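Please open the model in your viewer and keep the selection panel at hand. This tour goes from one selection to the next and says what is there at each stop.

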Amino acid sequence: MSNAFTIEDLKYKYPDNKEDVLKGISFDVKEGEIFGLLGPSGAGKSTTQKVLTKLLDSYRGNISYFGRDLRSLGNEFYEDVGVGFEMPVHFAKLTGMENMKFFSSFYKRKGDLKMLMERVGLWEHRDIKVADYSKGMKVRLNFVRAMLNEPKVLFLDEVTNGLDPKNARIIKDMISEYRAAGGTVFLTTHLMNDVEQLCDRVAFCVEGGLYEISAPRDLKIKYGRRELKVEYRGDKGTETQIYPMDAIGRNKEFLEVLETKDIETIHSGETSMEDIFIIVTGASLL
Amino acid sequence: MKNFLKLTFGEINRLVKYMILPISLVTSVIWIIVFFLISADEAMSLAPLAIFTDVALMSVVLIGAAHHLEKQEGSIKSLFMTPVSIEQILASKIISSMVMALESFVVISAALYFIHGITFNYLLMFVYVVIASCAHAGIGFILSLISFDFSSMLGYLMAYMFVFTIPSILFSFGMIAEKFEWLLFVSPAHSASVLIGSAITGDGELWKIIFALCFLTILSGVLLRFAVYPKFKRGSIRN
């Protein structure tokens with residue numbers, strides 16, 4: 001599998017700032033994976049995305065896009081990428097459809113606009129002005145906007161922020177299908193669910209630095225508590241016991257509980273991504 | 001080139017949808033009513049002011065209104081993510097501002113002809129309006145880009161008008177002595193006034209016309225390349 005992006009020692013300083021916002025980060029985004037950048041507000045996630053989407057060009061370090069120096073690419077780069085912003089980015093006095101047709105007109109490759117609008121539940125609202133859309137509808141329209149040109153690489157910033165669970169599920173399904181069809185996704189978020197449900201790999205971003213780049217599952221195994229928590233109905237109501245995961249199949253006490261008690265729940269001692277984030281970075285996600 | 005045309009038509013379409021072009025038309029209609037109420041001689045002397053106002057003032061206000069609306073919407077950032085260049089985006093906005101100025105020129109010219117039978121060198125006026133509106137689009141962008149919102153932009157515009165536009169209007173009404181005209185040549189508004197006035201009256205000193213043409217052309221280039229472009233890029237990305 002080749003790298004969609006290879007980032008080496010990336011540093012960036014805004015003209016008005018004294019310090020670098022990105023302090024020499026290195027990572028790669030493999031073709032066909034969903035790579036998540038997880039971190040609190042102000043950590044440098046959006047700046048990283050702005051650099052990778054060529055909005056910010058005065059960076060230091062090296063970035064290659066499918067083996068080519070990012071700096072050497074012209075506007076044709078945008079034929080390849082789709083960008084979903086966190087905030088609404090549409091002309092409020094135009095309808096949803098007018099907006100999509102306008103942006104779509106600039107690309108050589110055009111996605112199935114009707115299918116995309118139907119999928120996110122906006123087809124029947126296509127002739128309503130964006131000013132009259134709810135926040136959730138604007139977020140869904142942002143996603144359609146990002147998919148307009150059937151991109152090779154999709155950048156998504158807090159993609160489900162502001163969505164109800166049903167619509168968040170639809171968007172996540174579409175992202176998974178996009179990945180399954182060979183697409184690459186660069187996701188920046190502070191939402192745990194998005195990372196756990198979508199990302200193949202995740203990097204923790206705090207104060208312009210990156211910590212621990214790994215698959216969410218591997219992180220959970222590495223930082224999880226190796227224990228099993230059993231809740232069962234005892235003489236005094238629900239009772240709880242915790243057993244070590246190691247050699248659990250030979251743990252007589254555990255096996256006896258399974259055989260003799262009325263089990264209510266069994267949970268492995270998984271640590272949440274939020275806990276792992278705090279353990280690794282020492283920072284909170286809020 | 002195809003994308004540039006789409007951008008430009010998109011800009012003009014939005015001028016209509018956002019009621020900016022219709023509002024500009026209303027101001028032209030006000031001038032038509034005024035021309036109905038005055039004599040041909042008075043109309044002839046007032047016509048340069050009518051076109052000048054739309055080129056040097058309305059276009060600045062309308063560029064500011066459009067810019068701050070788009071800033072609120074975040075739509076420029078979305079345009080940056082398409083295969084169009086920032087230069088193309090800026091050029092399309094300048095052309096749409098020219099369209100507003102030309103619309104005013106066409107309406108006022110038609111009114112002068114149909115009401116009073118007044119004609120003038122339309123081709124020359126077209127060229128002058130294009131050059132003057134380009135420079136004032138640059139000024140409109142600068143005022144928009146340095147201002148926080150539309151209200152503060154209007155504050156900057158008032159300051160600009162006080163220094164550059166009002167003296168030029170006072171001069172055209174003979175309220176500033178001719179010996180001080182050289183001072184006014186630092187004003188883009190005065191250069192626009194000289195050009196528009198000379199196209200309607202058919203006279204005017206050649207050196208003033210040449211100076212005004214060169215001044216506005218160089219000013220447009222310098223403003224757009226060294227002030228508007230970097231500020232527009234930085235401001236749009238940050239929002």
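Begin where the two chains meet: select the 24 residues from chain B and the 26 residues from chain A that take part in the contact, where contact means heavy atoms within 4.5 Å. This is a predicted model, in which local features need pLDDT of at least 70 and side-chain atom pairs count only at pLDDT 80 or more, while totals for chains, interfaces and linings use all residues. Residues are numbered from 1 along each chain as its sequence is written, chains are lettered from A and ligands numbered from 1 in the order in which they are written, and side-chain values use heavy atoms, with hydrogens and water left out.

The area buried between chain B and chain A is about 2,500 Å², and carbon and sulfur atoms give 62% of it; buried area here is the accessible area (1.4 Å probe) that two parts lose on being put together, summed over both. Now pick out B:Met81, B:Pro83 and B:Ile237, which supply 27% of the area that chain B buries against chain A, more than any other three residues.

The C-alpha trace of chain A spans about 70 × 45 × 35 Å along its principal axes, and of its 286 residues 50% count as buried, that is, under 20% relative accessible area, with exposed meaning over 50% and partly exposed in between (1.4 Å probe, protein chains only).

Which residues touch the most other members of the largest nonpolar core? Select A:Phe5, A:Phe143 and B:Phe35, which do so in a core of 157 residues, a nonpolar core being a set of buried Ala, Val, Leu, Ile, Met, Phe, Trp, Tyr and Cys residues joined through side-chain atoms within 4.5 Å. Helix 3 (residues 40-73) of chain B gives the most to this core, with 16 residues. Then centre on A:Phe143, which, leaving out residues up to four places away in sequence, touches several residues, including A:Val120, A:Leu154 and A:Met174.

For the last stop, go to A:Gly136, found in helix 5 (residues 135-147) of chain A. Why does A:Gly136 count as buried? A:Gly136 does so because its relative accessibility is 12%. Beyond its neighbours within four places in sequence, A:Gly136 is in contact with A:Gly162 and A:Leu163; A:Leu163 lies 27 residues away in sequence, yet 5.1 Å away in space, C-alpha to C-alpha.

Technical notes:
Helix = DSSP H or I, 4+ residues; strand = E, 2+ residues; numbered from the N terminus.
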